[in-house]
Amino acid sequence: MTSGSASSDGRVLDALSGRPKVAIVTGASSGIGLEMVKRLIENGYRVVANSRKITSAMTLHNTADLKLVDGDIGIEETAKHVVRTAIQNFGTVNLLVNNAGVFIPKPFTEYTAEDFRRATQTNLAGFFYVSQLAVAQMRLQKFGHVVNISTSLVSQPIAGCPGSLANLTKAGLESVTRAPAIEFAAEGIRFNAIAPGVVNTPMNRVDGGVVIQAARRSKF
Ligand SMILES: NC(=O)c1ccc[n+]([C@@H]2O[C@H](COP(=O)([O-])OP(=O)(O)OC[C@H]3O[C@@H](n4cnc5c(N)ncnc54)[C@H](OP(=O)(O)O)[C@@H]3O)[C@@H](O)[C@H]2O)c1
């Protein structure tokens, strides 16, 4: 995360302003994103959490340090709302975690145009708009950190778990992580990607846990 110090109550503080750090986490109503928000809040961050149904999911609640924004992050208006909420409420953006993602396990030949639209809209457009806006703010501040959540399937597909749309979109996400990392390195803005293996979240409980079952069969 971005450089900083700790207050007497253990809060992570921004080194320059001495104020609590601010994070945006997309796809935060369940699974990895939800746990990330909880850990960030525990560590003293102020957080803007987004998902399409984050309010009705009732897994997180608005507080002074946590603002929820409903909406599809692949739509530009949602991205604007998310970044505006961070700046208006907390004044800055230290960390953006592009976590929102969909996994559509299907044989390659059975994907529909709607599957393609859904995967690209969430996994790629969901990175694009919010990152542009967050990085614009980070450039003003001369610091910031963008973390993109990819998948280990990009480099190692699992036998019995077809999911080419994950490869197509998340490989793009991994690749684009490198370009702005170079472009903005001199401005104090870092980009990283994390590619988790199989994690037991609601994503893997749909379709009878197809990824987990296939991973066990493959001894992944
Ligand atoms: N679980 C794994 O094994 C695994 C492995 C590798 C990588 N990953 C990656 O980790 C990330 C998190 O996955 P997870 O396992 O935690 O899955 P999850 O529990 O299904 O969470 C996905 C989150 O994304 C949100 N979301 C989906 N589409 C969205 C959209 N268009 N706009 C905004 N939010 C959206 C969902 O909430 P709403 O329905 O309310 O929108 C939910 O909060 C994903 O990018 C996934 O590809 C997961």
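**Reading a predicted fold**

Q: How does Lys142 count, buried or exposed?
A: Lys142 has 12 C-beta neighbours inside 10 Å and therefore counts as exposed. The cut-offs use C-beta atoms placed from the backbone: 20 or more others within 10 Å of a residue's own is buried, 12 or fewer is exposed, and in between is partly exposed. Lys142 sits in the loop between H4 and E7. Helices (H or I, at least four residues) and strands (E, at least two) are DSSP runs, numbered from the N terminus.

Q: What should I know about the model and its numbering?
A: The model is predicted: local features need pLDDT of at least 70, side-chain atom pairs count only at pLDDT 80 or more, and totals for chains, interfaces and linings use all residues. Residue numbers start from 1 along each chain, as its sequence is written.

Q: What is phi at Met58, and where is Met58 found?
A: Met58 also is not a glycine, and its phi is positive, about 60°. Met58 belongs to the loop between helix H2 (54–57) and strand E5 (66–70). With 9 other C-beta atoms within 10 Å, Met58 is exposed.

Q: How many helices and strands does the chain have?
A: The chain has 7 helices and 8 strands. Its radius of gyration is 17 Å, close to the 17 Å that the globule rule gives for 220 residues, so the chain is as compact as a globular protein of that length. That radius is taken over C-alpha atoms, and the rule is 2.2 Å times the number of residues to the power 0.38. The C-alpha trace spans about 50 × 40 × 35 Å along the principal axes. Of the 220 residues, 38% count as buried.

Q: Among contacts between residues at least 6 apart in sequence, what share joins residues at least 24 apart?
A: The share is 61%. A contact means that two C-beta atoms, placed from the backbone, lie within 7 Å.

Q: At what angle do H3 and H4 cross?
A: Two packed helices are described by the angle between their axes and the distance between the axes. Axes are lines fitted to C-alpha atoms, for helices over the stretch in contact; angles run from 0 to 180 degrees between N-to-C directions. Here H3 (residues 76–90) and H4 (residues 113–141) cross at roughly 30°, and their axes come within 8 Å. H3 and H4 are therefore roughly parallel. The bands are under 35 degrees for roughly parallel, over 145 for roughly antiparallel, 65 to 115 for roughly perpendicular, and oblique for the rest.

Q: Which residues of H3 and H4 make the contact?
A: H3 brings Glu76, Ala79, Lys80, Val82, Val83 and Ile87, while H4 brings Tyr129, Val130, Leu133, Ala134 and Gln137. By class, that is 8 nonpolar, 1 polar and 2 charged residues. Ala, Val, Leu, Ile, Met, Phe, Trp, Tyr, Cys and Pro count as nonpolar; Asp, Glu, Lys and Arg count as charged; the others, Gly among them, count as polar.

Q: How far apart are the axes of H4 and H5?
A: The axes of H4 and H5 (residues 164–183) are 9 Å apart, and the packing angle is about 15°. That makes H4 roughly parallel to H5.

Q: Which residues of H4 meet H5?
A: Among them are Phe116, Ala119, Leu124 and Phe127 of H4, and their partners in H5 include Leu165, Leu173 and Pro180.

Q: How does Ile149 count, buried or exposed?
A: Ile149 has 23 C-beta neighbours inside 10 Å and so counts as buried. Ile149 is part of strand E7. Leaving aside neighbours within four places in sequence, Ile149 is in contact with Ile32, Val97, Asn98, Asn99, Gly101 and Ile194. The C-alpha atoms of Ile149 and Gly33 are 9.7 Å apart, across 116 residues of chain.

Q: Which residues does Leu34 touch?
A: Not counting residues up to four places away in sequence, Leu34 touches Ala28, Ser29, Thr59 and Leu60. Leu34 lies in helix H1. Leu34 is buried, with 22 other C-beta atoms within 10 Å. With 16 C-beta neighbours inside 10 Å, Lys38 counts as partly exposed.
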